[in-house]
Amino acid sequence: MAAGAGIELLLNQGAESPAPLCPHGPTLLFAKINRKEQETRRFYACSACRDRKDCNFFQWENEKVSVARLLAREEFNQSRQPPFTHKQYVERYQHFVSLPQVKRIFCLDCQLLLLPADWDKHTSHQQLGNVSLHQLKRPSKLLLALENKKTNAQYLFADRTCQFLLDLIVSLGFRKVLCVGTPRLHELIKLRQFEKNNPVMKSQLLDIDFRYSQFYSAEEFCHYNMFNHHFFGEKSAFEAFQTFMCQDNGVPIIMVTDPPFGGLVEALAHSFKKIVATWKTSQNEDDELPIFWIFPYFFEPRILQCFPTFSMLDYQVDYDNHALYKHGNSGRKQSPVRIFTNLQPKTIILPAEEGYRYCSLCQRYVSSANRHCEICQACTSKDGKEWKHCHICNKCVKLSWFHCETCSHCVLRDHSCGGARSGCFICGSTDHKRRECPDTLVQNKITEKSRPHKRKHFKMNKKDVTTKSKQQAQAMSTGKKKTMKRITAKSKRKKKRK
């Protein structure tokens, strides 16, 4: 990105028309800010995918879209939806369970529970046979994890973390759990319910992975995008969520969420506040919905900006299918993932056998290496390692950092002085963001450059036209030859397979 330019997410700001749709639901409105030219261009992009390769939706806010393009877009969005409705998935699951275990087959390539009518279509695919009822109770271990860091980042809790969270939730007195992007925890609660363990607990899973529709009813699972608070499947999914949040008034409920780490914190917080608003419709008091937001510790400033009442716990969350984020690692390989919550930290007991201790001064549990700083009057370490106090910055920093006189703050030794720091795109100050800038003259200013550009037509000589047409014809012929070769090669492969 060019110097003096940046991208900002616009929430709660009046748009000229409703947000257009992509396969992941309503898109989000962004602003492309150029500080040097003092202009702002607003555009729509996918809420769930940061990489244009995963979802290439892009549209300027004031761009006029033709009817033909809208129809093509709608058709494309429909083609990216699940092959079955949630109701059809439930009917297929009931049929699948009724089959003898020998006939229960799961297609690994299509990630689909196969019925006898589907067997012929999947003969050439990798399959898993003899699927037991216990395997069906743990779908996260049956399904392949989606590990696209910028879209799904489906890293699943390790059993240690999952059991700790469940025991903690039970000990705190909660009997209903809204699992937003936490399928492993949802599974554990459903297993507990199946085994009829006391106390009785209820759980609902909201996740963007539609494959879980195969294993859970409409009351247990909703196909959901947490970046734009969009429920797929028309009104039925939202009604199921609303019923879960508002029924059994008086039963303690908690929300546990584990979003993709590459996601936008502001968009996530906006969706979570809508969940809280739904819950508050059935509440008489001004209580807060208890939340466990699981996220890396270096996002703490952004989370606290959205939820000022939150605090970060020292507990290290680990994952089964992540190479680094595992418990017991040392040095830089320690998991940076923590639990952010609006509950009182002193009420959350961390396991002493894993090296956590109680700080009587801070009145909360901390990691063993997190020493209490007498100057800051707090246990200041964020990463589970020992920190030191910088008397110039008047705060604690990592041991590997030192105070740079040029930069006027603590940095790593091999840093480059005068590097860009996050801050305002208008005045360049690091004290505030663009929306709080006092120089707001250029905010929401759509310049002439933001309007769609018309194509320029250039006059060409007849000779240039003929040579260009010949070149295009040659390119077309070579392209056709390549496609013909591919088709013949495919047909030969099919004949050999037969």
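This is a predicted model: local features need pLDDT of at least 70, side-chain atom pairs count only at pLDDT 80 or more; totals for chains, interfaces and linings use all residues.
Student: How many charged residues are in the contact of helix 5 with helix 6?
Tutor: The crossing of these two helices is right-handed. Helix 5 contributes Cys 162, Gln 163, Leu 165, Leu 166, Ile 169 and Val 170, while helix 6 contributes Arg 184, Leu 185, Leu 188, Ile 189 and Arg 192. By class, the contact has 8 nonpolar residues and 1 polar residue, and the number of charged residues is 2.

Student: Which strands stand at the edges of the open sheet of 8 strands?
Tutor: The order in this open sheet is 13-12-11-10-14-15-17-16, with mixed pairing.

Student: Which residue of strand 17 does Met 312 stand opposite?
Tutor: Strand 16 runs antiparallel to strand 17 (residues 337-341), and 2 bridges join them. In strand 17, the residue opposite Met 312 is Phe 340.

Student: What angle does the direction of helix 7 make with that of strand 11?
Tutor: Helix 7 (residues 234-246) packs on the sheet. Among the strands that helix 7 touches are strand 10 (176-180), strand 12 (221-225) and strand 11 (202-207). With the direction of strand 11, the direction of helix 7 makes about 145°.

Student: And helix 8: what angle does its direction make with that of strand 15?
Tutor: Helix 8 (residues 265-280) also packs on the sheet, touching strand 10, strand 12, strand 14 and strand 15 (291-296). The angle between the directions of helix 8 and strand 15 is about 170°.

Student: Is the crossing of helix 7 and helix 8 left-handed or right-handed?
Tutor: The axes of these helices come within 8 Å and cross at roughly 60°. Helix 7 and helix 8 are therefore oblique to each other. Their crossing is right-handed.

Student: How many nonpolar residues are in the contact of helix 7 with helix 8?
Tutor: From helix 7 come Phe 241, Gln 242, Met 245 and Cys 246, and from helix 8 come Ile 275, Thr 278 and Trp 279. In this contact 2 residues are polar and none is charged, and the number of nonpolar residues is 5.

Student: Is Val 251 buried, partly exposed or exposed?
Tutor: Val 251 sits in the loop between helix 7 and strand 14. Beyond residues up to four places away in sequence, Val 251 touches Arg 175 and Lys 176. Buried means under 20% relative accessible area and exposed means over 50%. The value for Val 251 is 33%, so this residue is partly exposed.

Student: What is the bridge partner of His 403 in strand 25?
Tutor: His 403 belongs to strand 24 and is buried, with a relative accessible area of 17%. Strand 24 (residues 401-404) pairs with strand 25 (residues 409-412) in the antiparallel sense over 4 bridges. In strand 25, the bridge partner of His 403 is Cys 410.

Technical notes:
Residues are numbered from 1 along each chain as its sequence is written. Side-chain values use heavy atoms; hydrogens and water are left out. A crossing is left-handed if the near helix is turned anticlockwise from the far one by less than a right angle, and right-handed if clockwise. Contact means heavy atoms within 4.5 Å. Ala, Val, Leu, Ile, Met, Phe, Trp, Tyr, Cys and Pro count as nonpolar, Asp, Glu, Lys and Arg as charged, and the others, Gly among them, as polar. Two strands pair if DSSP finds at least two bridges between them. Axes are lines fitted to C-alpha atoms, for helices over the stretch in contact, and angles run from 0 to 180 degrees between N-to-C directions. Angles under 35 degrees count as roughly parallel, over 145 as roughly antiparallel, 65 to 115 as roughly perpendicular and the rest as oblique. Buried means under 20% relative accessible area, exposed over 50%, partly exposed in between (1.4 Å probe, protein chains only).
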